[in-house]
Amino acid sequence: MIIIAEAGVNHNGSADIARRLADEAARAGADYVKFQTFHAEKLVTARSSTADYQRRNCQATSQLEMLRKLQLSEKDFIEIARHCEDIGIRFLSTPFDEQSVEFLSDIGVDMMKVPSGEITNLPLLRAIGQTGLPVVMSTGMCSIADVALALDALSESGTPRDKITLLHCNTEYPTPYQDVNLRAMETLHHAFGLPVGYSDHTVGITVPIAAAAMGATIIEKHFTLDKQAAGPDHAASLDPEELKAMVNAIRTTTLALGSAIKIPSESERKNMAVARKSIVAAKAIRKGETLTADMLTAKRPGTGLSPMLWDTVCGSVASRDFNIDDPITL
């Protein structure tokens, strides 16, 4: 299980806050802290309006104006990546343009992330595919056909399919629970035969834990230092303590999933004799008597003949005298 703590743009354009976000992700026990690398002018036109949740959370009507305030420089990201290495958490960032793909590849990220909004951006998919790095692709707003076309673009550009993980996702912030549709994870897995995870935008930690229980291989979740801060994603993010609680719960859930083989576990074997029963005498029995059901009963401990041998024992001849509660032997 890989847990990605999505800092995104919750640094509000401050490299110092970005480093603090990395610190909190490391403290929570996440595997990666992920940011977003973009050049605002390459990402949106001057006429591009904001989404409802963006207007609601940061009072911006222009995407370009909003993104300029949320952009970090390449120098910032180099320093943040170095800081992540120092504190023991892996650095990751989502590229939104070809220049950012090249930059992130050059500084040594170990995978590429395709965000939901870029899954129909063929030039970007080709640039990502050409890096040869493993790819994690979110599928918010997508049909199966959209996913299939994006996979073709990545594989034809150089990314082997077995290096791609699909993340089920809903691109609404926050996502209404009735629109999560976690069962779509299974659909993606059966349709493409690839590992599947989940990128969450719901409120709280319940849904990502449920996704882990369903076998998600990657969980991605937004977090922030302050849910009340101005910015597009803070309101739908976890605070540091919630992030830590989510990570702990997912680790426990993953551990509990265990093996699909149904056999007694090592921890419970010692209780088998205590909890199970044996066939014992229900009354005094004399040697040579034919054993009948009314002469027998099943009681703990389970150190003698199993009651599953009841029909074998009934009708057999007592090999010796038995007192009440004596275990029957053949």
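The model is a predicted one, in which local features need pLDDT of at least 70 and side-chain atom pairs count only at pLDDT 80 or more, whereas totals for chains, interfaces and linings use all residues. Residues are numbered from 1 along each chain as its sequence is written, and side-chain values use heavy atoms, with hydrogens and water left out.

**The nonpolar cores**

Begin by selecting Val 33, Phe 91, Met 137, Leu 166 and Phe 223, which touch the most other members of the largest nonpolar core, a set of 60 residues. A nonpolar core here is a set of buried Ala, Val, Leu, Ile, Met, Phe, Trp, Tyr and Cys residues joined through side-chain atoms within 4.5 Å; buried stands for under 20% relative accessible area, exposed for over 50%, and partly exposed for what lies in between, with a 1.4 Å probe and protein chains only. Helix α1 (residues 15-28) gives the most to this core, with six residues; helices (H or I, at least four residues) and strands (E, at least two) are DSSP runs numbered from the N terminus. Apart from this core lies another, of 10 residues, including Ile 285, Val 313, Ala 318 and Ile 328.

Next, centre on Phe 223 and show its contacts, meaning heavy atoms within 4.5 Å. Leaving aside neighbours within four places in sequence, Phe 223 is in contact with residues including Ala 5, Leu 21, Ala 25, Val 33, Leu 238 and Leu 243.

A search of the whole structure finds four aromatic pairs, where rings of Phe, Tyr and Trp (its six-membered ring) pair if their centres lie within 6.5 Å, with planes under 30 degrees apart counted as stacked, over 60 as edge-to-face and the rest as tilted. Select Phe 77 and Phe 91, which form a tilted pair at 6.2 Å centre to centre with 55° between the planes. Because Phe 77 lies in helix α5 (residues 74-87) and Phe 91 in strand β3 (residues 90-95), the pair ties together parts that are 14 residues apart in sequence.

**Helix α8 and its two sides**

Now move to helix α8 (residues 144-157), whose 14 residues should span 20 Å at 1.5 Å a residue, in agreement with its end C-alpha atoms, which are 20 Å apart; the expected span is 1.5 Å times one less than the number of residues. Colour Val 147, Ala 150, Leu 151, Ala 153, Leu 154 and Ser 157, which are buried in α8. They cover an arc of only 160° around the axis, so they sit on the same side of α8, the arc being that of the directions from the helix axis to the C-beta atoms. The buried residues of α8 pack against α7 (122-130), β5 (135-138), β6 (164-169) and α9 (184-192), while on the other side of α8 Leu 149 and Glu 156 are exposed. Gly 158, which follows α8, has a positive phi near 130°.

Select His 222, found in strand β8 (residues 218-222) and counted as buried at 5% relative accessibility. Not counting residues up to four places away in sequence, His 222 touches, among others, Glu 6, Tyr 173, Asp 200, His 201 and Asp 233.

Strand β8 also meets helix α10 (residues 206-213), where Val 207, Pro 208, Ile 209, Ala 211 and Ala 212 are buried; the buried residues of α10 pack against α9, β7 (196-200), β8 and α11 (240-257). Just after α10, Gly 215 takes a positive phi of about 100°.

**Backbone details and cysteines**

Follow the backbone to Tyr 173 and Pro 174, whose peptide bond is cis with omega near -10°; Pro 174 is in the loop between β6 and α9. Another cis peptide bond joins Arg 300 and Pro 301, with omega about 5°, and Pro 301 is found in the loop between β10 (296-299) and α14 (310-313).

Met 141, in the loop between β5 and α8, has a positive phi of about 70° although it is not a glycine, and it is exposed, with a relative accessible area of 60%.

Finish with the cysteines: the structure holds zero disulfides, a disulfide being a pair of cysteine sulfur atoms within 2.5 Å. For Cys 169, the nearest cysteine sulfur is that of Cys 142, 8.8 Å away, and Cys 169 is buried at a relative accessible area of 7%.
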